[in-house]
Structure formats: structure tokens, C-alpha cells
Amino acid sequence: MTYSNIPTLKASHQPSLTDATTPINAEAAWGDVPTALKNAARLPALFISHGAPTLALEQSATTSALARIGHNLPKPRAIVIMSAHWQSSKLETNSNPQPKTWHDFSGFSPELYEIQYPAAGHPVFAESLAQQLTARGITCSVNPLRACDHGVWAPLKHLYPEADVPIVQISLPQHYDSVACYQLGAQLACLRDEQILVIGSGSITHNLRAMQWQSDTIDEAAKDFKQWLLQQLKTDIPTALDWQQYPNYHNVHPSDEHLLPLFFALGAGQRVSVIHEGMAHHSLGMDIYRFD
């Protein structure tokens, strides 16, 4: 993908793109890419709907899909992940070498608070990403203290249950919109050639006011929205990026932070395929998409 292929839309907060001669890479963290990796299949980017924190305890169609992904994909050297639960005033990467498992919620069963996901960070890689982004006009700093929020560890507990893949979390700046997230993902697309797994973790639909715990019913507004958006992802990316044209979108996404990681993954991959579709608790879409 070249920068000239990135759709241009009206967007109030886009990162500045500089046509750098060298794509963002992981060489500073691991040295030159080994020949074996150069010949390996390119990893996809993923969008994961992480649902409620209880996903970490569940055995469901969603968690089975996550387990299959972890089993079927070549094991990545590292994961770069944007979670809906790290909103920041500016773009940051997490350089904490051992990020703690943060139980960033309340009111759930005690066993959920006992879960630990002790995956290591990768400070050198986090710092390299921040430096390379800044060199391209996208100011980015490192955060050495950030913990691992449930948007990261709840799905990764099923994807890589041994917690043996290093994680670099990247923040979701509060002023970013869909186009900004898309362009940021595009900057990181070539990491996929170096066996780095790029993930956006959010929710394809996310209206907590409409949730119904233990309900098997489906919110038709949520179902209609995600079917519409998936069709745009397949056929018309500029329309997908302009998703707030959808009538009454506030009934599905009262705020946008859980949808924006989708566009981060889209920027890194472009061609969508569906790994899993589903609903939970009436209104939470649990879809998982792959971008190649």
C-alpha cells in the first residue's frame, strides 16, 4: 500500500503524513530481519471485539475463535495493539518492560480480579516506534508506567494463553477520528512483514445502556449497523471511514472509542475477511475481522 492510496475525507484531526523512504520497521529492536522471516507469510492485522471483561473467563464461540487464531497463525515476535481503554491526550507507546495486569473495572466476580496476564513489554521496540512515528511528523512519546488494560489482556488470554508474546500497546489519542486511526495503522503496515501482529481491540457495537446481561436476544439496531459497516469495509472504505453518516449511529456507538481501533487495523491491512460474528449481552457485537 502506498500513501497515495489512503482515502482523503473531511477529518478534523489527521496525523501529518510524510512520505518517508523507509517504512516503519522493527530493525532497531531485533536487528535486521532474519532470512527465515523474510520468507515467512505476512501476518494479518486483526480487529477484535473484546466485549465485557468477563470474556477472560468465558468459554464461548468468541473465545474459541480467538484460540483458533492463535493456533493457526505463525507465532508473532511481538504484538502492537491499540485498545479502546487507553485514551490519551497525545499519542504514546507503552515502554513498560513488565506491564501489570490492570483490572480497570468494578462490580464483577472476585475470580475476574485474580486473573493475571504477565506478558512482557518491549521497551526498545516501543521507543523505536515512537521515534519513527515522530520522524514522520506524528508526534509520539513513550510511557514507561502504563499497565495492561482489559482491552488487551481479556482477548489475549485466549489468543496467546501462555502470555509469551511481547506486547507494545499504542494509545488512542482523544482527538483522533477514524481517518487518523486509519492513517496511523497504514504507517505500521510493514511491521506485518516482520512477524509483528497488529491488533485493534474494541467493539463493533458498544451501547452499554442497551446491554441485557444473560440475554439471548439481539439488538436489531446493533445487528443492522454492523452488517452495514462490514459491507462498506468490503466495498467502499471511504464510506466506512465516514461511518457517522449512518442514521442514528448514537444508538449503537454513543461514543466512538470502541469503534476507532477497527480503523487502526484497517489501515494496516485493507482487505477484510470475517473470522467470527456474534452478539453478547443483547447489544455488544463480538465480531473479529482479519485484514490482509
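1. A residue is called buried when its relative accessible area is under 20%, exposed when that area is over 50%, and partly exposed in between, with a 1.4 Å probe and protein chains only. Helices (H or I, at least four residues) and strands (E, at least two) are DSSP runs, numbered from the N terminus. By these rules 10 of the 10 residues of helix α7 (residues 178-187) are buried, so α7 is largely enclosed by the rest of the structure.

2. The model is a predicted one: local features need pLDDT of at least 70, side-chain atom pairs count only at pLDDT 80 or more, and totals for chains, interfaces and linings use all residues. Residues are numbered from 1 along each chain as its sequence is written, and side-chain values use heavy atoms, with hydrogens and water left out.

3. The chain contains 10 helices and 10 strands. Of its 292 residues, 58% count as buried. Where contact means heavy atoms within 4.5 Å, 82% of the contacts between residues at least 6 apart in sequence join residues at least 24 apart.

4. Which elements do the buried residues of α7 pack against? They are β2 (78-88), β3 (91-94), α5 (123-135), β5 (167-173), α9 (237-241) and α10 (260-269). Among the buried residues of α7 are Ser178, Cys181, Tyr182 and Gln187.

5. Helix α3 (residues 61-72) and helix α6 (residues 150-159) have axes that come within 7 Å and cross at roughly 65 degrees. Axes here are lines fitted to C-alpha atoms over the stretch in contact, and angles run from 0 to 180 degrees between N-to-C directions. From α3 the contact takes Thr63, Leu66, Ala67, Ile69 and Gly70, and from α6 Pro155, His158 and Leu159. Five of the residues in this contact are nonpolar, three polar and none charged. In this division Ala, Val, Leu, Ile, Met, Phe, Trp, Tyr, Cys and Pro count as nonpolar, Asp, Glu, Lys and Arg as charged, and the others, Gly among them, as polar.

6. Gln212 lies in the loop between β6 (196-202) and α8 (220-235). At 37% relative accessibility, Gln212 is partly exposed. Although Gln212 and His281 are 69 residues apart in sequence, their C-alpha atoms are 5.0 Å apart in space. Not counting residues up to four places away in sequence, Gln212 touches Thr217, His281 and His282.
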